[in-house]
Amino acid sequence: MRTGAIACAGAAVAFLVVAARRGLGQSTAGIALAAFAAALVVLILWAALGLLLVRRPGAAAVPLRPEDAPEFHRMLGDLAADLRVPVPAEVRVCPECDSWLEQDTTRRWGRSRTVLVVGAPFLWWLRVGELRALLAPVVAGTEPAADPAIAAARAWIRRLDAVAHPYASRTRPAKVSPWTAPLRRVPRAFARQLLDLTRGPAECMERDIAAWAASRAQDVEAPLRATAHEQVGLAYAGWDRLLTRLAAPAWNVHRYPDALMAGVVAALTDLSQRDRLADVFGARLAERPASDLVAAPAAIDAQVSCLAADIFADPVPDGAARVAVSWAEYPARVIEPVWRSRAAVLVEAMDASDGQPGPACVGRVLDRLRDGARPGDRAAFDPERMTEHVIALVACAAVDTGRMFAAVDWLDGAVLVDAAGRTADLPGLVGRAVDDGDDRPLRTWLDGIGVRTAEPIRLGG
């Protein structure tokens, strides 16, 4: 496909150049034809230049150098030797639940280098044998990746995809001038047409390579392969839950947890202990974790945590930087400010509904709910969002008593606990008040911890 495209483009340029030379100066129509041919030549050359210069950026990842993880690189070398394939030229760790091979996009000339990208949740949660079983078919792919024909085909596809879909990468594209937009559409249109033509053969090639790699790796850690894939599903569930319930709230207040992988291990340990298969999964926890293969796992964890915020979170306005927060500081630096901010939004909506400011107290909100009324716009405060804001208001009142405290639950996110560490069932109590208008259980619980529903609470901005 690539050779045919180059041949067609070259033939078209030669034909148009000859036509332009013959038509130039013969008549008005000839001059117009020559100008049109010259314009087409420029468009073809512009599209070719776009394909030549563009590079799809590699996945955002943290380099894992041999000095950072000597045991991991030794394990990787042994695995490649068992598979009889080349060792990846470089290893990187990404904050995603996936592992793959990619070519080093920073090298424009010379021989291509194969990079192994390992998902950080796998590195922290899987045991050493499980990680070997998981990486075996991936590492086996280094042999076809070193084949010049396959490497050239993949480079061609990546180049076409980078031109056709410039915003598909998670790496934010650089700002460009608006007046160049029509010019950028020309190579993009060419690339999309060529990509449609090459997609079928490319998918067939990748399926054949994947089947070959799986066949080559089938004897490596065969007894652990099923367990490894089970743990991959568990890791994905725990990672997703940690991101949505703990990392995202921190990102929203321009902070980020500095040890996401430690949180993943804690969340998955908790999840496996709650699961019906806790005995089966618990036995594997006694084995050596793959993170032990890293010399300084806490340092890599900090880099991956910062990178996760850059990839998954919205950019911080005004170019400010996010501030790292430890899990010990998380309740005071993230949970309480978020609760007080949500409580303030709820009180402001009530003030707007009443037409005048009122006390920021729990009793005022509960009276409104008991009467079946909701503050502000009903669309803005649907039952789910209303429950979140009332939970925040009640939690602030409980924290102000000094008897309850904000805490981190690895699976449920922000929770309210007493001095003994028992978690309060705020979602159940508040949900009953919001959905059914029955606030008696909630008021009884508030009386029990010493909350005066008529006393104003401290709000946040």
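**Cores, a helix and salt bridges**

Modeller: The largest nonpolar core has 103 residues, and Phe 72 and Trp 445 have the most contacts inside it. A nonpolar core is a set of buried Ala, Val, Leu, Ile, Met, Phe, Trp, Tyr and Cys residues joined through side-chain atoms within 4.5 Å. Buried means under 20% relative accessible area, exposed over 50%, and partly exposed in between, with a 1.4 Å probe and protein chains only. This is a predicted model, where local features need pLDDT of at least 70 and side-chain atom pairs count only at pLDDT 80 or more, while totals for chains, interfaces and linings use all residues. Residues are numbered from 1 along each chain as its sequence is written, and side-chain values use heavy atoms, with hydrogens and water left out.

Biologist: Which helix gives the most to this core?

Modeller: Helices (H or I, at least four residues) and strands (E, at least two) are DSSP runs, numbered from the N terminus. The helix that gives the most to this core covers residues 383-400 and supplies 11 residues; it is H15.

Biologist: What does Phe 72 touch, not counting residues up to four places away in sequence?

Modeller: Contact means heavy atoms within 4.5 Å. On that basis Phe 72 touches Leu 64, Val 91, Val 118, Leu 123, Leu 131, Leu 135 and Leu 293.

Biologist: How many residues has the other core, which lies apart from the largest one?

Modeller: Its members include Trp 156, Leu 160, Ala 164 and Leu 194. Trp 156, Leu 160 and Ala 164 are among the buried residues of H7. The size of this other core is 7 residues.

Biologist: How far apart are the end C-alpha atoms of helix H7?

Modeller: The expected span of a helix is 1.5 Å times one less than its number of residues. Helix H7 (residues 148-164) has 17 residues, so it should span 24 Å. The model agrees, with its end C-alpha atoms 24 Å apart.

Biologist: How many residues apart are Asp 367 and Arg 443?

Modeller: They form a salt bridge, with the closest N and O atoms 2.9 Å apart. Asp 367 is in helix H14 (residues 362-370) and Arg 443 in helix H17 (residues 440-448), so the pair links distant parts of the chain. The separation is 76 residues.

Biologist: How many salt bridges does the structure hold?

Modeller: Some are linked in a network, which joins Glu 90, Arg 92, Glu 102, Asp 104 and Arg 113. The structure holds 24.

Key. Salt bridge = Lys/Arg side-chain N within 4 Å of Asp/Glu carboxyl O.
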